[in-house]
Amino acid sequence: MGVDLFSFIFIIFSWASLLSMKAEAEAEGIKSARLLDLLIRDYTVKSLDRDLRTGIVHTVTLPANFSGIKVDTIRFRCGSLHRYGAQVKEFHLGSGVIVQPCAERVMVVRQNLGYNWSSIYYANYDLSGYQLVSPILGLLAYNADSDLSYGSPFELGILAREKPIKINFSNITKASNKTGNWPLCASFEGNGKVILKKQVSPNVCVATKHGHFGLVMESPPPSLPVRKKISRWKLVVGSSVGAALGAFLLGLLLVAMFVKVKKKARMEELVRRAYEEEALQVSMVGHIRARTTPTI
């Protein structure tokens, strides 16, 4: 009996370890927004209770490797959703919304990818020149038949032809409208394109179908080095000091040149006088010799 219990505990721990390793491998290998949607769908289905009541919001618990992602799901009858609409967290679905194709029930999944996982959209879409100022919010729908736990549900379409779907980012955006720069609504289409539209009201966007949405703003240009503005009085004082220093140096140069020229002229005068004195002495000696010639 002890051996059987030990084996049972070992199997349970091994199974838990395998699930943890699988979740870690999945989280590390996700580079596609589509793959992330499929994994969230699978974890959502596994977390559901067969007896989950229609119209009750159910919070989905994801593995630790998907930290930062918040997922909620809720079941509706397609006819009821069309007649009355619904509020699913930040998404408001008005009356007249259509789910295609839908036989009886639909499972609506709301995603909040957080700022960390929202960065995956930079790799899957061209957001050059823009930056996200809100997490990516997703609104998806899947069939919710009674045999949901026996297979992966297929995706359904949500169409809002009469009243558009409203998405309120007020509680999750880090953008401030006080600066006068209003964010743009970004709709991330399945074909890899991004559609940008203006907000209908502060931090509120509209959509006509399911998908992924966010707020973006233009990226600021690279900052240039700021040149310090010099005050006028500092400029005047600096100019005056520079001019005085220049005049002083020029004066020293002129004095040095004058002294040099004066010294050169004096040396030339001394040399000239020396030559004259030498010539005079030679002349006088010759004259004296001529007058005092001895006689025999």
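**Strands, loops and rings**

Q: Which residue is the bridge partner of Lys 166 in β13?
A: Val 206 in β13 is the partner of Lys 166. The two strands, β10 and β13, pair in the antiparallel sense over four bridges. Two strands count as paired if DSSP finds at least two bridges between them.

Q: Before going on, what sort of model is this?
A: A predicted one, in which local features need pLDDT of at least 70 and side-chain atom pairs count only at pLDDT 80 or more, while totals for chains, interfaces and linings use all residues. Residues are numbered from 1 along each chain as its sequence is written, and side-chain values use heavy atoms, with hydrogens and water left out.

Q: How many helices and strands does the protein have?
A: Six helices and 14 strands. Both are DSSP runs numbered from the N terminus: helices are H or I with at least four residues, strands are E with at least two.

Q: Back to Lys 166. What stands opposite Lys 166 in β4?
A: His 92 stands opposite Lys 166 of β10. The strands β4 and β10 run antiparallel and are joined by two bridges.

Q: How much of the protein is buried?
A: Of the 296 residues, 33% are buried.

Q: What about β14, is it enclosed or open?
A: Strand β14 (residues 211-218) is largely enclosed by the rest of the structure, because seven of its eight residues are buried.

Q: Which strands pair with β14?
A: Among them are β7, β8 and β11. β7 runs antiparallel to β14 with three bridges, and Gln 131 stands opposite Met 217 there. β8 (residues 137-143) also pairs with β14 in the antiparallel sense over three bridges, with Gly 138 opposite His 212. β11 and β14 pair in the antiparallel sense over five bridges, where Leu 184 has Val 216 as its bridge partner.

Q: Switching to aromatics. How many pairs are there?
A: The structure holds six aromatic pairs. Rings of Phe, Tyr and Trp (its six-membered ring) pair if their centres lie within 6.5 Å; planes under 30 degrees apart count as stacked, over 60 as edge-to-face and the rest as tilted.

Q: What kind of pair do Tyr 121 and Tyr 125 form?
A: A stacked one, with 5.5 Å centre to centre and 5° between the planes. Both Tyr 121 and Tyr 125 are buried.

Q: How does Tyr 125 sit against Phe 188?
A: Their centres are 5.1 Å apart and the planes are at 70°, so that pair is edge-to-face. The pair links distant parts of the chain, 63 residues apart: Tyr 125 is in the loop between α5 (120-124) and β7 (130-132), and Phe 188 is in strand β11. Tyr 125 counts as buried at 13% relative accessibility, and Phe 188 counts as buried at 4%.

Q: Which residues form an aromatic cluster?
A: Tyr 43, Phe 66 and Trp 117 form one.

Q: Now the backbone. Where is there a cis peptide bond?
A: From Gln 100 to Pro 101, with omega near -20°. Pro 101 is in the loop between β5 (98-100) and β6 (105-112).

Q: Which residues other than glycine have a positive phi?
A: Lys 89 and Asn 203 are among them. Lys 89, with phi of about 55°, lies in the loop between β3 (86-88) and β4 (91-93) and is partly exposed at 47% relative accessible area. Asn 203, with phi near 65°, is in the loop between β12 (194-197) and β13 (204-207) and is buried at 10%. Most residues other than glycine have a negative phi, and most peptide bonds are trans.

Q: Last one: what does UniProt list for 235-259?
A: The unreviewed entry lists those residues as "transmembrane region". UniProt positions are in the numbering used here, feature names are shortened, and annotations may be inferred rather than shown by experiment. In the model, residues 235-259 are 100% helix and 0% strand, with the end C-alpha atoms 36 Å apart.

Note on methods
Buried < 20%, exposed > 50% of the residue type's maximum accessible area, 1.4 Å probe, protein only.
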